[in-house]
Amino acid sequence: MLISGMQLRHSLTPRFFAGVFNKRKPTKKDLDHYDIVVIGCNLGGVLSRQLDKVSHGKYKIMVVLDQNINQITPIRQIYEQQKTAKTDFLLNAKLSLNMYTAHSDQVGCSTILPEENAIVLRNGRRIGYNQLVVAMGQQVNYDAIKGFEEAWQDFDSPVFTNLDHPSWRSSNHKYTRWHYNFNHGEAYFCIPQFPFSGEVESYNFLLSQRIWEWQTANGRQSPIKKFTIIQPNERFVQYNDAGDSFFKEELKRRNINVEYGLKLVEVNKQYNTATFEDVKTGNRQTRNFNHLYAVAPTKAHEPLVKAGLTTSKGLLDVNIKTLQHNKQKNIFGLGDVNDLPTTNCFWAGFHQLHVVRNNIERNIAGKSLNAEYDGYSKVPIILGQNTLTFLCHKYNNENAWHNLYFSNGGFLAALRYYNWCKNFKKAFIDIYLEKNWGPPYYKLKKSFKLPEGEKDDHGFLSKLLPGKKDSHH
């Protein structure tokens with residue numbers, strides 16, 4: 001496992017030193033029952049840390065994780081540009097856990113028993129819960145593309161995707177070759193059918209076009225080439241018209257070819273051929289390629305499907321505002337695993353954190369759920385080698401005020417890009433370590449507007465001055 005000195009320093013200290021300088025002990029890992037069980041250790045780990053902090057250690061929390069590395073997908077594109085280090089992109093998953101939270105030692109969940117308020121780990125261990133948070137993300141499914149993983153894993157094969165292969169050593173930098181090793185011929189960028197993880201976030205084709213344009217102008221790339229996007233969906237952005245129109249107009253303006261209604265189903269590493277299937281007729285065609293990039297397709301998590309917790313899309317069936325499961329009232333969803341009408345990404349999940357935390361606490365107390373997620377999503381779009389804009393929107397196709405600002409490039413787009421490259425690689429580590437949870441960084445609300453007629457029985461002011469309500473953040 002590759003970790004930086006900063007990651008090592010923070011990952012070694014939590015449970016090792018818990019109880020040395022205070023009386024509180026870590027939650028035991030071997031309990032049969034916990035107040036809250038969280039499945040997933042990316043945003044799920046951050047949620048556990050926030051729950052513990054706000055409740056002052058009131059709950060026994062278990063985080064179930066099945067891997068020791070989190071790939072920080074929002075910075076994937078600058079990582080592919082070599083503008084950030086591998087140790088910034090691949091983070092120790094346990095960084096997000098504090099010293100008091102129990103975890104499953106990388107043993108994942110195999111079964112969810114919602115009627116029994118229990119889960120079963122892959123080693124057969126059964127764990128009971130009062131409240132369950134599903135933060136599993138979407139499950140990558142490279143098996144949907146025959147021969148893909150073999151080609152992706154091979155350093156010399158011109159086949160790429162938006163993740164690092166788990167077998168790669170720290171010295172393997174194949175991920176940079178998509179942008180910088182294309183010389184001539186046919187290049188394909190393949191998008192999977194909705195839903196998938198990485199919508200917009202993994203769209204690096206505008207950046208590729210600018211790099212290859214520069215290389216052609218400077219004699220480093222043959223002008224005899226063609227760049228095609230394989231798009232099985234009718235839209236590039238499911239839930240925002242402005243974003244979808246932006247991509248379609250920009251691709252047309254840059255003369256990038258788009259073929260709709262096709263999906264990638266097979267890659268032959270030996271002959272550099274790709275097979276595409278018509279999503280309506282099922283007809284297939286095989287083509288030669290010189291360069292190929294495929295965004296990872298996904299599939300439903302089997303434990304969720306077997307437990308009857310998913311929608312027809314294979315995603316978690318939750319109330320889009322409270323993020324509580326529509327059938328099982330002590331189950332909540334967080335992040336990409338939720339079936340929500342917004343663009344799934346890291347920042348969408350980040351803005352769900354305080355909603356889930358608040359509603360879990362109120363659910364435990366038998367109160368109504370007063371926190372609501374408005375669908376806010378913010379995804380970086382890299383326009384070129386040094387320019388950036390953001391897709392920012394909410395539910396009901398509502399554009400946020402800064403949606404697609406400076407999308408035509410220029411100085412301010414370059415300033416945004418500089419800030420993203422310089423500051424945000426550290427920002428994600430700080431999020432895991434709760435160093436930037438309050439102003440002037442990100443405001444994670446501790447309380448929400450109470451339902452009419454309900455009095456606030458929490459907080460210092462309400463105890464000191466009876467009848468006076470706490471101010472809400």
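I looked up Cys 41 and found it buried, because its relative accessibility is 7% (buried means under 20% relative accessible area with a 1.4 Å probe, protein chains only). This is a predicted model, where local features need pLDDT of at least 70, side-chain atom pairs count only at pLDDT 80 or more, and totals for chains, interfaces and linings use all residues. Residues are numbered from 1 along each chain as its sequence is written, and side-chain values use heavy atoms, without hydrogens and water.

Cys 41 sits in the loop between strand 1 (33–39) and helix 3 (43–54) (DSSP runs: strands E, at least two residues; helices H or I, at least four; numbered from the N terminus).

Next I turned to the cores. Which residues touch the most other members of the largest nonpolar core? They are Ile 119, Phe 189, Phe 205, Phe 236 and Phe 247, out of 113 residues (a core is a set of buried Ala, Val, Leu, Ile, Met, Phe, Trp, Tyr and Cys residues joined through side-chain atoms within 4.5 Å). Helix 13 (residues 411–432) gives the most to this core, nine residues. I noted another core apart from it, of 20 residues, including Trp 152 and Leu 292.

Key
Buried means under 20% relative accessible area, exposed over 50%, partly exposed in between (1.4 Å probe, protein chains only).
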